[in-house]
Amino acid sequence: MITGLAPIGCATYYLWQYGSGNGECVEQINDMAVEFNFLTRYMVENLAEELPGANIIFCDVLEGSMDILKNHERYGTSIFLFLYLSVY
């Protein structure tokens, strides 16, 4: 399994570095992570085609993490705190 980048624009270091006064994720950094993940997914799919006997998958950590951050009430407090502490 190949994992993509997490929403690193939500990490406290980048919130501080880019002066996010309201705690919103740094979109510029997350946009780069989205692009990296898109290209990585493409490369993994091509590699899987070249190696038909291999079981290679891509896990998009960013997409799932952002859904939890944006819709934390749907997932409950414990999963939100776990994700928050893991990402930050």
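A disulfide here is a pair of cysteine sulfur atoms within 2.5 Å. The model is a predicted one, so to speak of local features takes a pLDDT of at least 70 and side-chain atom pairs count only at pLDDT 80 or more, while totals for chains, interfaces and linings use all residues. Residues are numbered from 1 along each chain as its sequence is written, and side-chain values use heavy atoms, with hydrogens and water left out.

The structure turns up 1 disulfide. Cys 10 pairs with Cys 25, and their sulfur atoms sit 1.9 Å apart. The torsion about the S-S bond of Cys 10 and Cys 25 comes out at about 110°, so this disulfide is right-handed. The pair ties together distant parts of the chain, 15 residues apart: Cys 10 is in the loop between β1 (2-3) and α1 (12-17), and Cys 25 is in the loop between α1 and α2 (27-50). Helices (H or I, at least four residues) and strands (E, at least two) are DSSP runs, numbered from the N terminus.

As for cover, buried means under 20% relative accessible area, exposed over 50%, and partly exposed in between (1.4 Å probe, protein chains only). Cys 10 is buried, at a relative accessible area of 0%, whereas Cys 25 is partly exposed at 28%. Cys 59 is partly exposed too, with 29% relative accessibility.

Cys 25 also shows up in the lining of the largest pocket, along with Glu 24, Val 26, Glu 27, Asn 30, Asp 31, Val 34, Leu 62, Met 66 and Lys 70. A pocket is an open set of points on a 1 Å grid over the protein atoms alone, where a 1.4 Å probe fits, with protein on both sides within 12 Å along at least five of seven lines; lining residues have an atom within 4 Å of a point. Both α2 and α3 (61-70) supply at least two residues each to this lining, and α2 gives the largest share, 4 residues.

Taken as a whole, the chain has 5 helices and 2 strands, and they run β-α-α-β-α-α-α along the sequence. Of its 88 residues, 24% count as buried. Contact means heavy atoms within 4.5 Å; among contacts between residues at least 6 apart in sequence, 50% join residues at least 24 apart.
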